[in-house]
Amino acid sequence: MKKAVSLGLLLCVMIAGLFAADTAKQGSTLETVKKRGYLIAGVNSSNAGWSYLKSDGSYEGFEVEFARAIATAIFNDPSKVQYRPLTSKERFTALQTGEIDVLIRTATHTLTRDADLALSFTTPYFYDGQSFLVRKDSGIKSIEDLDGATIAVLTGSTGEITLSDIMASKGLKYKPLLFESLDELKNAFFSGRADAWTSDKSSLAATAATYPNASDYLTLETTVSKEPLAMAVRHGDDDWFDLVQWTLNVLFYSEEKNITSANVNQVRSSTKDPDIQNFLGAKGQLGSMLGVSNDWAYNIIKKVGNYGEIYNKHLGPKTIFNIPRGLNVQWTKGGLFYATPFK
Amino acid sequence: MKSSLPDSRIPSLKSMLEDDRFRNFLWQFIFFILIVFLLGKASSQVISALRTRGMMPSFKFLTLSSGIVVGEKLIEFDSSSSNLKALMVGLLNTISISLLVIVFSSIFGLFVAICRISSNWLVSNIAKAYIEIIRNIPLLLLLLVWYRAFFLQMPGIKNAIMLGKTVSNEGVTKASLILSNRGLFLAWPTPTEPFVMYRFILLGATVAALLVWIFLRVRSGKTGKKALGFLWATLAFLAIAAAGWLSMGANHPLRLDFPRLGKFNANGGLYISSEWFSLFSGLVLYTSAFVAEAFRAGIQGVPKGQMEAARALGLGHLRSLRLIVIPQAKIVAIPPLTSIFLGIAKNTSLGVAIGFPDLFSITGTIINQTGRALEMIILVMAIYLLMSTATSLFMNWYNKRVQLIEH
């Protein structure tokens, strides 16, 4: 099955190759998206809380909201997105070949992916780090306790290489158990086939929470890697990159200024701050510089919400996941999010 | 052709077009040029498209350190080994499991085929039910069910099923067999220091056995007496091997290595992982159904009179099958068997679904680490093609050999 998928990808590359001259003439991604009438976003289909396929066929989750925000910036309609479920292995090829416009799928920004795969990453929308999920009764408290253990890991993730690096640096032996699908991995791990499962802390928390005996498991305190998750687009279309990056900045900046979907109308009509007036499109030409309408930021906040709202809706304290925000707060509160000025 | 040929010898274009052979050649030539042109056009398009996307193919990454750790390997490999070596590890895993599946499904398939054509109603219908059910289940589903519902449901390593369990004074638990959802650990002979010497004795024993076998064959060819060549050769081998073992006294060249329970896993002995065994047994189960049908076609292709004649000569049912029917059935069964065997190496790639590190799984890992999807897929397609070609060449050779004996 997987072979068929990969062969399919190869065929796509070849077909894309045959029509390359045409797509090059078609011009910018933004124009293509506008002409097509909807955005195509590459996402995960089975990462609870983050991005998952619901039983009615629609997609929901934290990452899905970013795609909705981009669609709102362009079309003023968050539903104008077609989601493409991708495995870790397929995701970059799908982006390179032009099958998708933007990749929002827990992709860690690294130098290799930036330079060698010819992708452009936005600033991170989530600062994550890799850790291990283990059974509480296994007595494992730190990485050193994992010497000789069988560790399940998803193939195609940065976690796979971080795992071998960290274990080698500490001189620990282990047996990797590689799975391509998260479902098979969960099955094997929760049945006790593996002693630990390593992935980004956020994903571990999200998956463990959906498991009936969640309290039997714990995530190790240690974080063994930096995983800045960011959206990615192809090299060579800076206008499109700008739009995606500034859409993310809208989500950050509105949280920083406490503008929410509930109060955005009131703020726009009452604010005296010229920066906010510019930002919300009450005056100025910020939107048209990006090739979208001037009230794009207003539309995003109104229809999708600010970063904090999105976070709380999918990962916050009222959800089963309850992932602490940690570094993922605005700089004004000591976090790492810092939206550059809307001027 | 010499230029001094008289003009009349050079055929006119019209007469050439009327020549069948020339016309055929012309059409094939035009078609060939067209194909070459299309392929050339397509590949130059692909290359220029890849260049504009910054995806120019390059195979330099193969020699770089892979950073991969593989759970099951037949050769020395660690994360500092190259990507090429990682590929080799996967290839060996694929080849070894394919060969074993071919051998075991041939044996089991033949057994099922014989049951299927048996005159015993129950036996024949059990075989029929097996074939019909297995043939109609997608292989991936079979493997997933087998892995999830059977192997993962075994007890965990802490409550493993153990045979011959002993606990040493230091609290180390040993057993001759440990079965858990991790897989099967078996006590297994491992070479010790004196084995270096013992190897030569084994080599000598093999040579002696071969000599005995050849001698008996030659003698039976001369006298027409029935020779039990294989039996005597085996006995000769065992006798020399045993004598060698005894002569070495207390320095046993092989030692039974018992699996010991560790903190997480058992260690030592022979280890067969759940993933390997799921893939192996799933494939054998699946392939045997097809092999059985190929053999049945072969057996039923042998005229009934052959069986009746054999029985009339006083041979029993099984001996008639073995000596008369199966040798003739083979000839019919080999071409379909070839296609089935070709499928096996490709089917092992489904191991990726249940966590077995076969060629395809490791390819995926390398693609992830290096981002070189196009190069790896080209490479892996070439490898599968080579493997299939080798299998089919061998089967064609075998087919020819069997056919020649008949005529």
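This is a predicted model: local features need pLDDT of at least 70, side-chain atom pairs count only at pLDDT 80 or more; totals for chains, interfaces and linings use all residues.
**Entry 1: helix α9 of chain A**
I began with α9 of chain A, which spans residues 201-210. How many of its 10 residues are buried? I found eight, and the helix is mostly covered. I then looked up what covers them.

**Entry 2: where the chains touch**
Next I turned to the contact, which takes 47 residues from chain A and 43 from chain B. On the chain B side, α2 (20-52), α5 (139-151), α11 (359-370) and α12 (373-406) each supply at least two residues. I sorted that side by class and got 20 polar, 19 nonpolar and four charged residues.

**Entry 3: the nonpolar cores**
The largest nonpolar core holds 157 residues. Which of them have the most contacts inside it? I noted A:Ala67, A:Ile70, A:Ile151, A:Ala152, A:Ala196 and A:Met231. Helix α8 of chain B (residues 274-301) gives this core its largest share, 13 residues. I also found a second, separate core of nine residues, including B:Ala175, B:Phe185, B:Leu261 and B:Ala266.

**Entry 4: around A:Ile151**
I went back to A:Ile151 and left out residues up to four places away in sequence. Its contacts include A:Leu146, A:Leu163, A:Tyr174, A:Pro176 and A:Leu177. A:Ile151 also touches A:Ala194, A:Asp195, A:Ala196 and A:Thr198.

Notes
Residues are numbered from 1 along each chain as its sequence is written. Chains are lettered from A and ligands numbered from 1 in the order in which they are written. A residue is buried if 20 or more other C-beta atoms lie within 10 Å of its own, exposed if 12 or fewer, and partly exposed in between; C-beta atoms are placed from the backbone. Helices (H or I, at least four residues) and strands (E, at least two) are DSSP runs, numbered from the N terminus. Two residues are in contact if their C-beta atoms, placed from the backbone, lie within 7 Å. Ala, Val, Leu, Ile, Met, Phe, Trp, Tyr, Cys and Pro count as nonpolar, Asp, Glu, Lys and Arg as charged, and the others, Gly among them, as polar. A nonpolar core is a set of buried Ala, Val, Leu, Ile, Met, Phe, Trp, Tyr and Cys residues joined through C-beta atoms within 7 Å.
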